[in-house]
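Biologist: Could you put the model up so that we can go through it together?
Modeller: Here it is.
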Amino acid sequence: MGTNAGTGHIDARYVADLARIELTDAEAARYNAQLNAILTYVEQLQEPDVTGIEPTAHAMPLANVLREDAARPSLDRAPVIKNAPADVDGIYVKVPAVIEGEES
Amino acid sequence: MQYEAVIGLEVHCQVKTQSKMFCGCANRFGAEPNTLTCPVCLGYPGSLPVANAEAVRKIVAAGLMCGCTISKFSKFDRKNYFYPDMPKNYQITQFDLPFCLGGQIPVGGKGFSGQPLPEKKIGITRIHMEEDVAKLTHLGKASAVDYNRAGVPLMEIVSEPDMRTPDEAYAYLTALKQVLEYAGISECDMEKGQMRCDVNVSVRPLGRAEFGTKIEIKNLNSFRSVHRSLCHEIPRQIEAVEAGEKLRQETRRWDDALGVTIVMRVKEHAHDYRYFPEPDLMPVTHTDEQIEKIRATLPEVPFVRRDRFVTEYGITPYDAHVLTLEKPLADYYEAAARGSANPKQVANWIITELLRVLGERGLTIRECPVTPAHMAELAGLVGGGTITGSVAKSTVFPAMLESGRAPSEIVKEKGLEQVNDDSAIEGFVTQAIAANPKAVEEYRAGKAASIQFLVGQVMKLSRGKANPQAALPLLKKQLDAG
């Protein structure tokens, strides 16, 4: 996750780029140090011996939490659109034009 | 040097459900923009997704129809990216443990271009669940977003790079659509965006094992545009390679009006989507018993049914192909053919007469005014010699279409039984000879073909009811005697 392959360290500039955030050189240096300190802290998790332990993404041994396929009423449009920063005629959410392919 | 293309397809298909994948908003096309949303599909903080059991069941069903192995243990993952079509800034998908792995779909018969296709099986790498994204309309400096589609259950079907020609790609898409429609998994309407397709294509010298540089084509809105884009892109790549150009891995956009592919973006490095397991959703497990229970609800796979029609009813592979294109038509044929003494004639009647009339009237087979039993009865009346094929076509079948009544009733009421009785036919023969002296003269002068004209006249005089096989010797007898 945002680490530079092989080094085990975070490149704050790369992470910022993925998150569409601009950083000054000073910010990049400060976050680099902070993020790497956090990573070093989390790396303690590498220490325990986990041989034979099934990897899991959840603390609870639960599976198949599903719901029946039934539709229920949705929200009214007016309050939904009101929550958006901008709109088109009260019908659409308006966002700055982003042409796929140019954003990355 | 000879080159070959290597083609793989990624197909996205909406799953037919009542509600969205992770919330209870309706899964419905054509609603007023932004009227099918809720805190879950709008990604409001604190809202939590709950997976739709029916969507999971249908994706597993799709896998079973395509011969996939169903994973005993699957999970959901987050794919992180920044684009306003997903209000959460991530899409829930499946990364390393999808529902379905490793299937295949056979293709063959006649290709879209009219050339015969080699019989082969196109491998399916995986089928995984995703949530669909919002629809963006670009308005110059801004874009308008409609979130109705965001969160609709979607499956991505990834093929192996097994296709070599545009015809094979077209045939694979057609077969896949047929399978999904058969099992009621998706309506696959490309115009409604329910089925979408991205193409990966590269070229290599014939006989080389390594792949060439892969180029992705997007913006393909129909099977036809997939075919056209490949017909354009493959020669373009070959030409570039021949000219010594080094191809880059890139995404190109198909321009349907211009009929060309245009560079959209160059992939310098793979997208970093930072996938991680979705913490808000628990894994899904399937036991053998559950998988078999789903399998038991599925219809016969179309290509299996096609082959069975050939062996069971003795019809040609081409007729079987036509009759199994859509499940309702295959069901109709089977209902008529089963128990009929004339399954081949039933197929002929449906393909040449019924489908033509339905096409002219813009009706589907479900709206057909003629029941399968009546269709079988009509073929039986002709096959058994009760009526002539000519009367069946000109009088009985049109009357069945109009009234929906049984053909035997119509035949009885209108007195259309075939006339086999020589004395009755002789009367028509005498009339035909008297009314056509010129043809009689020609026949006697040695022009044997003229007798066929006279048979036609007998048929006409009898309003199609005379048995032509009986009329011929009677005509000969009278002509030769006179």
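Biologist: Which residue forms a salt bridge with B:Glu32?
Modeller: In this predicted model, the partner of B:Glu32 is A:Arg77, and the closest N and O atoms of the pair are 3.6 Å apart. Across the interface of chain B and chain A the rule finds one salt bridge, along with 21 residue pairs in polar contact, both residues being at pLDDT 80 or more.
Biologist: And which elements of chain B each supply at least two residues of the side that touches chain A?
Modeller: Those are β2 (51-52), α1 (53-65), β9 (135-139), β10 (142-146), β15 (260-266) and β17 (284-285) of chain B, and the largest share, five residues, comes from β10(B). By type, the residues on that side of chain B divide into 30 nonpolar, 13 polar and nine charged.
Biologist: How much area do the two chains bury between them?
Modeller: Chain B and chain A bury about 3,900 Å², with 60% of it on carbon and sulfur atoms, and 52 residues of chain B are in contact with 39 residues of chain A.
Biologist: Switching to α11 of chain B, which of its residues are buried?
Modeller: In that helix, residues 407-414, the buried ones are B:Pro407, B:Ile410 and B:Val411. They lie on the same side of α11(B) because they cover an arc of only 100° around the axis, whereas B:Lys412 and B:Glu413, on the other side, are exposed.
Biologist: What do the buried ones pack against?
Modeller: The buried residues of α11(B) pack against α9 (372-383) and α10 (389-403) of chain B.
Biologist: And what follows α11(B)?
Modeller: That is B:Gly415, whose phi is positive, near 60°.

Methods. Residues are numbered from 1 along each chain as its sequence is written. Chains are lettered from A and ligands numbered from 1 in the order in which they are written. This is a predicted model: local features need pLDDT of at least 70, side-chain atom pairs count only at pLDDT 80 or more; totals for chains, interfaces and linings use all residues. Side-chain values use heavy atoms; hydrogens and water are left out. Buried means under 20% relative accessible area, exposed over 50%, partly exposed in between (1.4 Å probe, protein chains only). Helices (H or I, at least four residues) and strands (E, at least two) are DSSP runs, numbered from the N terminus. The arc is that of the directions from the helix axis to the C-beta atoms. Contact means heavy atoms within 4.5 Å. Buried area is the accessible area (1.4 Å probe) that two parts lose on being put together, summed over both. A salt bridge is a side-chain nitrogen of Lys or Arg within 4 Å of a carboxyl oxygen of Asp or Glu. A polar contact is a pair of N or O atoms within 3.5 Å; within protein, one must be able to donate a hydrogen and the other to accept it, and residues adjacent in sequence count only if both atoms are side-chain atoms. Ala, Val, Leu, Ile, Met, Phe, Trp, Tyr, Cys and Pro count as nonpolar, Asp, Glu, Lys and Arg as charged, and the others, Gly among them, as polar.
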